[in-house]
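Subject: Structure handover

Hello,

Here is the structure for you to take over. Please open it first, then read the notes below.

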Amino acid sequence: MSETSAVILTELEEELAWFTRLLDLRLRAYFGSADPKSGERSAGAPADVQPPAAPDHGSSKSSWAAFVRKHTPTLVERVAVVLALVPYLRPRLLDVFFTKNATFDRRLTEFGGYRVDDEFEPTGETLAFIVGGDSLEARASVAKVLEPEHWLIKGGVLKPGVAGRDLLPMKSPLRLSPEHLGLFTTGRRPRPALSADFPAQRIETVLSWDDLILHPGTLKQIREIQDFITHGNTLLHKWGMASRLRPGHRALFHGPPGTGKTLSVALLGKASKHDVYRIDLSLVVSKYIGETEKNLARLFDRAQQQDWILFFDEADSLFGKRTETKDAHDRYANQEVAYLLQRIETFDGVTVLASNMRESLDPAFTRRFESNVFFPLPRAAERLQIWKRGFSPLAVLDPKVTLAALAEAHELSGGSIMNVIRQVSLAAIAEGERPITADDLKHAIHRELAKEGKGA
């Protein structure tokens with residue numbers, strides 16, 4: 001077992017011991033001298049208990065300790081998170097909630113809980129009972145924790161509810177998000193998978209900045225975005241500019257396909273150690289009124305909590321120039337775009353939108369961006385670098401092949417050049433790893449130009 005894993009287990013044991021003590025005190029206070037298993041309350045049961053002090057993990061670097069230090073949760077908030085952990089770590093601690101009322105031979109409603117077969121899942125009512133018995137003040141405190149704007153819910157730490165069921169917050173199962181369950185128990189966040197509920201997919205690259213061949217002006221603007229990622233907090237908070245500048249950074253990448261827009265975003269994430277998620281707009285936009293806003297709200301809330309870079313590819317499909325509003329569908333489409341613009345403008349992180357056709361975007365929309373980065377087709381000198389760096393060290397070029405002449409003669413994007421290299425390299429390998437000839441390159445270039453609707 002690694003040292004980190006041992007620390008995590010030790011701290012979780014301390015949290016469970018604290019929770020067990022708190023639960024035991026609550027049950028004794030609620031049932032008094034009576035046995036809690038009987039379901040009978042003692043007439044002289046005290047109204048409240050003094051909760052034991054929560055564990056202090058000091059300067060521990062574990063994810064749980066860092067979470068507690070960052071948020072300094074109240075008693076209700078901390079119990080809420082630990083209670084949501086209990087079904088995964090030590091479910092037997094919740095067996096007491098199967099106790100029945102001796103008079104009515106039915107479960108004790110004050111315990112709350114969501115039951116499926118023999119499984120007990122704690123709810124907001126369970127949390128309220130643990131922190132305050134049948135106190136209305138405790139219920140009110142828990143209700144606030146379960147509000148959509150509370151940091152535990154908005155930040156995606158807790159995910160109350162059951163799919164397909166419309167339950168009141170207090171009666172919904174109190175569940176940890178998979179990301180925070182992984183973070184607290186292993187020190188790592190499991191990365192979410194692309195789905196209708198999560199319309200984004202992580203992108204990454206094994207390449208480095210040295211592999212990105214761009215016009216110097218374009219590269220300078222990319223570096224400026226990297227400066228914001230690295231030093232933005234210093235600018236906004238240490239230098240006191242937060243009241244004068246909008247949070248976050250918005251960038252528009254535009255230019256022909258294959259010119260390095262996606263690779264640039266991936267490299268920004270890699271250099272800054274921020275995950276980059278590409279948004280699938282087909283999954284974001286729903287045919288049901290109001291669902292698009294909900295999908296986007298979930299996405300931005302999680303991105304805010306986890307410092308993601310959000311990448312909207314082919315943005316003109318959603319942000320193209322609008323024609324006049326002719327029907328209800330047009331009005332709702334405009335509402336969706338307006339909502340997304342609002343979230344982008346208030347997002348503290350970095351948002352990048354990419355388009356192959358800047359002219360198709362609404363000018364009122366593009367003016368809202370701090371960076372407007374054009375990715376032109378590479379010039380001859382840049383194309384030559386791409387040709388030289390693109391081939392495998394194992395590739396053998398026929399002496400008649402002149403890469404400088406190819407770079408000068410054919411105005412191709414970096415992506416197209418790599419497609420050509422891919423075609424001719426595979427053909428050479430398939431034929432015994434023979435040399436790549438000028439004819440191979442000529443035919444592959446013609447095919448690539450034909451794909452783009454260009455002549456040879």
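A residue is called buried under 20% relative accessible area, exposed over 50%, and partly exposed in between (1.4 Å probe, protein chains only). By that scale, Asp-307 is partly exposed, with a relative accessible area of 48%.

Two notes on the source. This is a predicted model, in which local features need pLDDT of at least 70 and side-chain atom pairs count only at pLDDT 80 or more, while totals for chains, interfaces and linings use all residues. Residues are numbered from 1 along each chain as its sequence is written, and side-chain values use heavy atoms, with hydrogens and water left out.

Overall view

The chain has 456 residues, and 45% of them count as buried. Its secondary structure comes to 18 helices and 10 strands. Helices (H or I, at least four residues) and strands (E, at least two) are DSSP runs, numbered from the N terminus. Contact means heavy atoms within 4.5 Å. Among contacts between residues at least 6 apart in sequence, 70% join residues at least 24 apart.

The cores

A nonpolar core here is a set of buried Ala, Val, Leu, Ile, Met, Phe, Trp, Tyr and Cys residues joined through side-chain atoms within 4.5 Å. The largest one has 48 residues. Phe-19, Phe-97, Leu-127, Ile-130 and Leu-176 have the most contacts inside it. Seven names to look for: α1 (3-31), α2 (63-71), α3 (75-89), α4 (124-132), α5 (136-145), α6 (151-154) and α7 (178-186) each supply at least two residues of this core. The largest share, 10 residues, comes from α1. Another core lies apart from it, with 26 residues, among them Ala-297, Phe-312, Ala-315 and Leu-353. In soluble globular proteins, nonpolar side chains tend to be buried together.

Look at Leu-176 in the largest core. Beyond its neighbours within four places in sequence, Leu-176 is in contact with Val-81, Ala-84, Leu-85, Tyr-88, Val-157, Leu-158, Leu-181 and Phe-184.

Then turn to α4. The buried residues include Glu-125, Leu-127, Phe-129 and Ile-130. Just after α4, Gly-133 takes a positive phi of about 60 degrees.

The sheet

Two strands pair if DSSP finds at least two bridges between them. An open sheet is formed by 6 strands in the order β5-β7-β8-β9-β6-β10, with mixed pairing. Its edge strands are β5 (200-203) and β10, each pairing on one side only. The twist averages 25 degrees from one strand to the next.

β7 (residues 276-279) and β8 (residues 309-312) pair in the parallel sense over 4 bridges. Ile-279 has Phe-312 of β8 as its bridge partner. Helix α9 (residues 261-272) packs on the sheet and touches β5, β6, β7, β8 and β9 (350-355). The direction of α9 makes about 175 degrees with that of β8. For these angles, axes are lines fitted to C-alpha atoms, for helices over the stretch in contact, and values run from 0 to 180 degrees between N-to-C directions.

Ala-251 has Ser-371 of β10 as its bridge partner. β10 (residues 371-374) has a covered face, Ser-371 and Val-373, and an uncovered one, Asn-372 and Phe-374. In a regular strand the side chains alternate between the two faces of the sheet.

Loops and a buried aspartate

Phi of Lys-273 is near 60 degrees, a positive value in a residue other than glycine. Lys-273 lies in the loop between α9 and β7 and counts as exposed at 75% relative accessibility. Asp-307 also has a positive phi near 60 degrees, and sits in the loop between α11 and β8.

Asp-301 lies in helix α11 (residues 291-306). Asp-301 is buried, with a relative accessible area of 17%. Not counting residues up to four places away in sequence, Asp-301 touches Lys-154 and Arg-343.

A helix pair

α15 (residues 380-390) and α17 (residues 414-430) pack at an angle of about 35 degrees, their axes 10 Å apart. Arg-383, Ile-386, Trp-387 and Gly-390 of α15 meet Gly-414, Ile-417, Met-418, Val-420 and Ile-421 of α17.

Best wishes
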